[in-house]
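Okay, thanks for coming, everyone.

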Amino acid sequence: MQSGEEIKAKVAKAVEDVRAQNPMAPSITNTVTIEFVANAQLAVGGSAAMVYLPDEGEAMAAAGKSLYINMGTLLPVYAETLPRTARRLCELKRPWVLDPVGIGIGGLRSELLKSFADKRPGIIRGNASEIIALASLWGIGSGQKSTVRGVDATDSVLQAKEDAKALARHTGGAVAVSGPEDFVTDGETSLLISGGSSFMPMITGAGCSLGGVMAIYACVADPFTAAVTGSCIYKFAGKSAHSKCRGPASFRTEFIDALYNATSQDVASNPFKLDIFGGK
Amino acid sequence: MQSGEEIKAKVAKAVEDVRAQNPMAPSITNTVTIEFVANAQLAVGGSAAMVYLPDEGEAMAAAGKSLYINMGTLLPVYAETLPRTARRLCELKRPWVLDPVGIGIGGLRSELLKSFADKRPGIIRGNASEIIALASLWGIGSGQKSTVRGVDATDSVLQAKEDAKALARHTGGAVAVSGPEDFVTDGETSLLISGGSSFMPMITGAGCSLGGVMAIYACVADPFTAAVTGSCIYKFAGKSAHSKCRGPASFRTEFIDALYNATSQDVASNPFKLDIFGGK
Amino acid sequence: MQSGEEIKAKVAKAVEDVRAQNPMAPSITNTVTIEFVANAQLAVGGSAAMVYLPDEGEAMAAAGKSLYINMGTLLPVYAETLPRTARRLCELKRPWVLDPVGIGIGGLRSELLKSFADKRPGIIRGNASEIIALASLWGIGSGQKSTVRGVDATDSVLQAKEDAKALARHTGGAVAVSGPEDFVTDGETSLLISGGSSFMPMITGAGCSLGGVMAIYACVADPFTAAVTGSCIYKFAGKSAHSKCRGPASFRTEFIDALYNATSQDVASNPFKLDIFGGK
């Protein structure tokens, strides 16, 4: 298990390496928040490229060191694009990011999500209900029943802890559960990351864009560090923006500006605690 | 016919009930303004979920108490998704919202819009030209010729009054005509709602997001009240934002913040007048 | 070759004519920045309409005096929509705008871009790497190898000058190379346009929306004037926004507001120099 100081040092380095290297993490993502994903990736110092077609997904799997797959608004072509892209990502051992948003809606979504069980996403990011539902879909869950409503969580982050750890052990990567506090685990070391703002769930795409930003950090750091760095910069920027805004739209503007202005020390100093006892 | 005081009381209650209940109104909507629709729905206290696939449209018809269908940027899959979703909405007697944007462009759009004539949308929202064109397409119009240009109205709100009433009588729901003043009718009671801002038509999606917000209110109120509440909060927030902005982009930010900050009394006090004489 | 004073007078007139006539330039464009394209077109005084379907592309080719085609996020239907729309644009001699973003990614994109070689786009707009790659794809390039990375340029604007001129001579229209300085040429007269902001590449869609705005100006002016006017208003608004912002998101808001508030004299006075010697 890593120490808090080790983690902070890695987080600071990830922030700086992205700013220095401007890595590209392509996305196959939903049409609702696709611009927010791109702008957040640019704000932290990365580069974005979004595609839909099967051969373009494969090309992007090779072109980027990581890639973000968000299941939000499936189109018919995803039935071919996502399996081919995921297969290529797996072959290339890319630490890709999976966002199982909308899990439970429609047949194609369940089928695709099931097929990812052996595709080793480096990071899985979702809200508590999505993480519980994915662990259940992959047959490795704690047996609790999640209650996703559309794209909203109805379970608490703490309820998802054991399922998050099970998913991380299954993939060998990291799992991030987003909520008032974010829970990030690699199955061994687990963190609870605080900060943020009550406006985060009031703007669409706070979660999606976090997944895209984690993919940027996964270009320069191991999946656990990438997930923690993404959560820390989001919690820091959210808290910073909260104090300056007058509602959700000005919050969104301040938030992206804060992502851009955050120093590596700001991010590494965002409060988190090691989840040592593992209790619920 | 309802009195102004009765309407105000219902409007105030709709604003409060949405804030208390956080209802979800899913959307099948265009890719241009899809994020604005979601953020406006969140700002008034609702929840958003967007889909494209046929079985997902049906699932969402069942999952939400209302649903928003916007015809903006049709994709091939809409040929299957919209009829199946509309059929399910009709079976479930959901007060869904139809936004016939782009009416007149392309064959599929006309075919789909025709097929909705017996699907009883609870609310139809459009600009004057779209409302006139839809009444004509359904064979219940006053016989005037509308002149839609792309997504722009070239007719005045007052010109669309009789066609709006005819549509409302046909569906048994409400019809909202957006413009410098909004006209909302259930075929019997009609209102002219003032306020707003000359910046409204300068930002894409002012109309679409209003349709999405009406769907949120339709989860807690009858269609006429939902349409009036949507128009009132938009006119109030538009006027409020106008005084604080320096151009269309800062207007958009202030507008969404104003949706979030509007109290039920702010919304219920937005000026409207009963259209008693029914003259043009 | 035109003089600087002649060009300035035409630029000022284009800005004013758009504000007076509110021309519509429809788009077939990517889902990432589609809202930004529309809002930028509205901010300069134009009207926007976005479509995906083949018959709608053809209808829009006829409905607008110009049309914007951006290759960003191809969907399967583009295989039919883009050829049919481009053919119609060519038949109608519309000065349409081509944005070859993502050139090099995937098979369909290359095939479509090749097919545009005889479709005479009035304006081609891209970053340096995209312009070099397109000239090479059309077999009229200087033989240098471009190195597009996703949607990012890795070549300098000056490196693309000769290929831009070759493309302009081939189409008989104008070519605009976006970068820290924009290079605009009709193959005979060439300009370097300065101003702008280091935040421009930090917001997704700065280039796409510029293409959309050039299409608006192409409704009222010749392609070269339209491209120069688009570049000048972008450089002016970018510089103006830079001094007021605190990061990329507030820059984006200030930028769109500045597009809206720019006077014809502001735009015509934006610094440019005639590229007389043609050296690299």
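Let me start with a term: I'll call something a salt bridge when a side-chain nitrogen of Lys or Arg is within 4 Å of a carboxyl oxygen of Asp or Glu. A word on where this comes from: it's a predicted model, so local features need pLDDT of at least 70 and side-chain atom pairs count only at pLDDT 80 or more, while totals for chains, interfaces and linings use all residues. Residues are numbered from 1 along each chain as its sequence is written, chains are lettered from A and ligands numbered from 1 in the order in which they are written, and side-chain values use heavy atoms, with hydrogens and water left out.

So, how many salt bridges turn up over all chains? The search of the whole structure gives 36.

Now let's go to where chain A meets chain B. Chain A puts 30 residues into that contact and chain B puts in 27, where contact means heavy atoms within 4.5 Å. The area buried there is about 2,200 Å², and carbon and sulfur atoms give 60% of it. Buried area, by the way, is the accessible area (1.4 Å probe) that two parts lose on being put together, summed over both.

Three salt bridges cross between chain A and chain B. Take Glu56(B) and Arg109(A): their side chains meet in a salt bridge at 3.0 Å, N to O.

Which elements of chain A give two or more residues to the side that touches chain B? They are H2, helix H5 (107-115) and H10, and H10(A) has the largest share, five residues. Helices here are DSSP runs (H or I, at least four residues), as are strands (E, at least two), numbered from the N terminus.

On to chain C and chain A. Here 30 residues of chain C touch 28 residues of chain A, and the two chains bury about 2,200 Å² between them, with 60% on carbon and sulfur atoms. The salt bridge count is three. One to look for pairs Glu35(A) with Arg252(C), at 2.8 Å from N to O. On the chain C side, H2, helix H5 (107-115) and H10 each supply at least two residues, with H10(C) giving the largest share, five.

Glu35(C) forms a salt bridge with Arg252(B), with the closest N and O atoms 2.8 Å apart. That pair runs from helix H2 of chain C to helix H10 of chain B.

A cavity is a set of points on a 1 Å grid over the protein atoms alone where a 1.4 Å probe fits but cannot get out, and lining residues have an atom within 4 Å of a point. Grid points are joined across faces, edges and corners, and a volume is the space filled by probe spheres set on the points.

The largest cavity has a volume of about 380 Å³. It is lined by 26 residues, and the closest to its centre are Arg252(A), Arg252(B), Thr253(B), Arg252(C) and Thr253(C). Helix H2 (34-43) and helix H10 (248-261) of chains A, B and C each give two or more residues to that lining.

The second largest cavity holds about 80 Å³ of space. Of its 13 lining residues, the closest to the centre are Glu35(A), Thr31(B), Val32(B), Glu35(B) and Glu35(C).

Conventions. On a 1 Å grid over the protein atoms alone, a cavity is a set of points where a 1.4 Å probe fits but cannot get out, and a pocket is an open set with protein on both sides within 12 Å along at least five of seven lines; lining residues have an atom within 4 Å of a point.
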